Amino acid sequence: MKEKITIIIYSRKSKYTGIGDSIGNQIELCKNYIKVHYPKDKYDVEIIVFEDEGFSGGTTDRPQFQEMFQLIQKKYINVLICYRLDRISRNIADFSRLIEELSKHNISFISIKEQFDTSTPMGRAMMYIASVFAQLEREVIAERIRDNLLELAKTGTWLGGDSPLGFSVERFEKVNICENDEVKGLVTKTKKASKLVINDEELKIYNLIVSKFEELKSLTKLETYLLNNDIKTRKGAHYSIFTLKWILTNPVYVKNDNDAIEYFKKKGINVFCEKDNRNKFDGNYGFLTYHKTSKRKKLSSDYWIYAVGLHPGIIEGKRWIAIQMLLEKKIKKEKMEPLIIGIHVF
């Protein structure tokens, strides 16, 4: 009598491609392995396939993986098979959690490429060691790409996101950048870069915001003025105090003149620029800022990167610095003023 057995095949690929260890190739290799090791004359095999394409191995927040995990917990499975260990996970903690769950339900785990045997202590130990190296590889690649982007940032290249008020984004000549390729690992590719260019209509609004703040000397009054005159953001929303402060303090608008450079130096901020016309500090270019936050946390100024951009500067250093001083003075005053609540006069 044939032994009934249920086998899960799990496959994953970070990008939608049909080359290298594609989803189709992984599944085919797993099925060939099953044919050899679980022949039809001895086993009645049921195969369940789960595919996650376009998902990173750094997290288990993948729809098919989560569905597979729920099935494992129901104890209906005998074997989990994948082409390569890092298809399951590149994170040690996530991988360990899965292996513990498999062990709890007596489910065997097979990785074709590494040929692990989870039934022996040595096999389990080697599997954990391999998972450590998978996570290390992921972290090294991520660090190299991050360093590469920071070096690219120092050239004044716009790295993406919504452009500031008064600017649009334009693609220009190609640059070299490192990327992670699923098959080849870290490779250098030639791509087009981006830079900021003037948006004339929006620039009128920026100039109005600056001149009105200099006149009113209050973010609250500036907010009220823009509200009363129905002046809105490019997304159709009213300007908030937070947005106005961000616009007024953003170095993207200040010219790279000596006043601005000295101001940043006094703040302990290093300024980078390429050895072209931008290092003359003649006020023809603006600034870009990078690496001010990491994982949504604000970093100290030691980590900040200020670079002379490829876009024109809008406002002179002295004028921009005067606005910063006024804003800082207002903030200090607000902190020093006592908060009086609930006073009644009879």
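Here is a short chat that walks through some features of this predicted model.

User: Hi! I'm new to this one. How many helices and strands does the chain have?
Analyst: Welcome! The model is a predicted one, and its chain has 10 helices and 11 strands.

User: And what share of the residues is buried?
Analyst: Of the 346 residues in the chain, 40% are buried.

User: What about contacts between residues at least 24 apart in sequence?
Analyst: Take the contacts between residues at least 6 apart in sequence: 69% of them join residues at least 24 apart.

User: Can you show me an example? Where is L29 found?
Analyst: L29 is in helix α1, which covers residues 23-37. In sequence L29 and C82 are 53 residues apart, yet in space their C-alpha atoms are 8.9 Å apart.

User: What does L29 touch, leaving out residues up to four places away in sequence?
Analyst: With those left out, L29 touches Y83 and I112.

User: Why does L29 count as partly exposed?
Analyst: Because its relative accessibility is 39%, and partly exposed is the class between under 20% (buried) and over 50% (exposed).

User: Let's switch to H311. Where is that residue?
Analyst: H311 lies in the loop that runs between β11 (305-308) and α10 (317-336).

User: What surrounds H311?
Analyst: Not counting residues up to four places away in sequence, H311 touches F167, L196, V252, N284, Y285, G286, F287 and L288. One of these, V252, also has its backbone oxygen 2.8 Å from the H311 side chain.

User: Now the aromatics. How many aromatic pairs are there in the whole structure?
Analyst: The search finds 10 aromatic pairs. One of them is Y38 with Y43, an edge-to-face pair with 5.2 Å between centres and 75 degrees between planes.

User: Are Y38 and Y43 buried or partly exposed?
Analyst: One of each! Y38 is buried, because its relative accessibility is 15%, while Y43 is partly exposed at 22%.

User: Why is the F65 and F69 pair called stacked?
Analyst: Their ring centres are 6.5 Å apart and the planes are at 15 degrees, so the pair counts as stacked. F65 and F69 are 4 residues apart in helix α2 (residues 63-73), so about one helical turn separates them. Both residues are buried.

User: What sits over the ring of F65?
Analyst: The charged end of R62 does, 4.9 Å from the centre of the F65 ring.

User: Which residues do ring pairs link into a cluster?
Analyst: Y263, F264, F287, Y306 and W320 are linked that way.

User: Last topic: at what angle do helices α6 and α8 pack?
Analyst: At about 95 degrees, with 11 Å between the axes of α6 (residues 200-216) and α8 (residues 241-249). That angle makes α6 roughly perpendicular to α8.

User: And which residues make the contact?
Analyst: On α6, Y206, I209, V210 and F213 take part, and α8 brings L244, I247 and L248.

Technical notes
Residues are numbered from 1 along each chain as its sequence is written. This is a predicted model: local features need pLDDT of at least 70, side-chain atom pairs count only at pLDDT 80 or more; totals for chains, interfaces and linings use all residues. Side-chain values use heavy atoms; hydrogens and water are left out. Helices (H or I, at least four residues) and strands (E, at least two) are DSSP runs, numbered from the N terminus. A polar contact is a pair of N or O atoms within 3.5 Å; within protein, one must be able to donate a hydrogen and the other to accept it, and residues adjacent in sequence count only if both atoms are side-chain atoms. Contact means heavy atoms within 4.5 Å. Rings of Phe, Tyr and Trp (its six-membered ring) pair if their centres lie within 6.5 Å; planes under 30 degrees apart count as stacked, over 60 as edge-to-face and the rest as tilted. Buried means under 20% relative accessible area, exposed over 50%, partly exposed in between (1.4 Å probe, protein chains only). A charge sits over a ring if NZ of Lys or CZ of Arg is within 6 Å of the ring centre and within 35 degrees of the ring normal. Axes are lines fitted to C-alpha atoms, for helices over the stretch in contact, and angles run from 0 to 180 degrees between N-to-C directions. Angles under 35 degrees count as roughly parallel, over 145 as roughly antiparallel, 65 to 115 as roughly perpendicular and the rest as oblique.
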